[in-house]
Amino acid sequence: MNNKWSKFGNRFTRHTGARELMDDLGIAINTKRNICMLGGGNPAHINEIENLFRDELRNLIDSDSEYRRMLGNYSMPAGEERFRTSLAELLHREYGLEVTARNIGLTAGSQSGFFLLFNLLAGKQSDGSSKKILLPLTPEYIGYSDVGLESGMLTALRSSIDFLPDQQFKYRLNISELTINDDVAAICVSRPTNPTGNVLTDDEIRELANLASVNEIPLIIDNAYGMPFPQIIFSKSKLFWDSNTILCMSLSKLGLPGIRTGIIVAREEIIDAVASMNSVLSLSVPSFGAVLLSNLVASGEILNISKAIIQPFYFERMKRALDSVHQAFHGLPYRVHKPEGALFLWLWFPDLPISSQELYSRLKSRDVFVLSGHHFFPGLEDEWPHQHECLRVTYAQEPELVHQGLLIIGEEVRKVYEQSA
Ligand code: PLP
């Protein structure tokens, strides 16, 4: 058959970084080969956490009413009601957020939440004009790149770079260059940022919130790795929300990517719109994650396990990976972004003689899967050589595997610099 897709079909079936990433992840999980999978965003398998979820699940399936709540009933289109109420109470009790269940909506994974939110706010408007989502700090999450129903829905700003000791650097918000034109529908940041592990400071978040409020547009903060859970965040930072903020969370990085649960905290009209879109797309959203986490959220235990188990686990892995980086790249002109959170090290090879995509291919042929940095500049219109000089490496995998992978990356990068000398 000669595939002639619609405009929508062509847009949503083209080759994307997200597809490449998820295909690589599938190959690595399903192969018997010894692959160093440093590419995907899969969370680690933390025994203590997995045992806890397993116990919760056993208790739930042994109860008729909980079994039905989890598996036997459609949920409300905004998501399972009791979970939303418990989460609202937790956010109020622990962080003082003025929210109720009507401020909380669930989606089938937060990735699909971004599809809904971006297309709700940006793109063609009813008056014929077009609006965009502004990403004020690139590099930024690959998953935002392709969710727009039409092209050109993102616009982005280069960050400035602070050079730090120990071969480190940190991206900073270029606040003086941040102007909000009429065509900006919302500002969006991930915190911690995937891919860099950067955490926008409380001041930076306040400045963005202020800018959003003055311009009467929402500020979307993607906390997939951050506060209040799973808290894979190593720098001092506060949870921020006000009625102009759309806070996005996920159960994936707690260790539950298979149950596809995203959470949106926002003002009521936005949650109502998400509920309407959920019902058109899928009638209702999965309840599995919401019910599985219900008790942990109602008791607040979810915050304790995030802080006492998940955060130290990743901190330890990050430290080991950082040591391996310094060993693998010793003597080379490398830099590594200050790791303040999430699961990744972001490596920068200034003046790299080949593109990061070519380096990705060479590494893949040696069974080391990473992500080429060029995928992480969604919406950036001007060409920035820096885009082709970076790699993202996850440290969620076993430390030995991460170490071995980094040594191979070191060998390949060394070859590239030496051959061009
Ligand atoms: N936001 C960020 C920053 C992410 O890194 C991811 C996944 O890697 C997501 C959102 C989407 O998460 P999920 O759809 O699994 O909830």
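This is a predicted model: local features need pLDDT of at least 70, side-chain atom pairs count only at pLDDT 80 or more; totals for chains, interfaces and linings use all residues.
Residues are numbered from 1 along each chain as its sequence is written. Local features need pLDDT of at least 70 and side-chain atom pairs pLDDT 80 or more, while totals for chains, interfaces and linings use all residues, and side-chain values use heavy atoms, without hydrogens and water.

Reader: Which space is taken by the ligand?

Author: A molecule sits in a pocket if more than half of its atoms lie within 2 Å of its grid points. A pocket is an open set of points on a 1 Å grid over the protein atoms alone, where a 1.4 Å probe fits, with protein on both sides within 12 Å along at least five of seven lines. The ligand takes the space of the largest pocket.

Reader: Which residues come nearest to the ligand?

Author: The shell around the ligand has four nonpolar, seven polar and three charged residues, with Gly counted as polar and Tyr as nonpolar. A residue is near if one of its heavy atoms lies within 4 Å. Of the 14 residues around the ligand, the nearest are Asn194, Asp222, Tyr225, Ser250 and Ser252.

Reader: How far from a nitrogen atom of the ligand does a polar side-chain atom of Asp222 lie?

Author: Polar contacts are pairs of N or O atoms within 3.5 Å. For Asp222 and the ligand nitrogen atom, the distance is 2.6 Å.

Reader: What share of the ligand's exposed area does the protein bury?

Author: Areas come from the Shrake-Rupley method with a 1.4 Å probe. Taken alone, the ligand exposes 400 Å², and the buried part of that is 92%.

Note on methods
A polar contact is a pair of N or O atoms within 3.5 Å; within protein, one must be able to donate a hydrogen and the other to accept it, and residues adjacent in sequence count only if both atoms are side-chain atoms. On a 1 Å grid over the protein atoms alone, a cavity is a set of points where a 1.4 Å probe fits but cannot get out, and a pocket is an open set with protein on both sides within 12 Å along at least five of seven lines; lining residues have an atom within 4 Å of a point.
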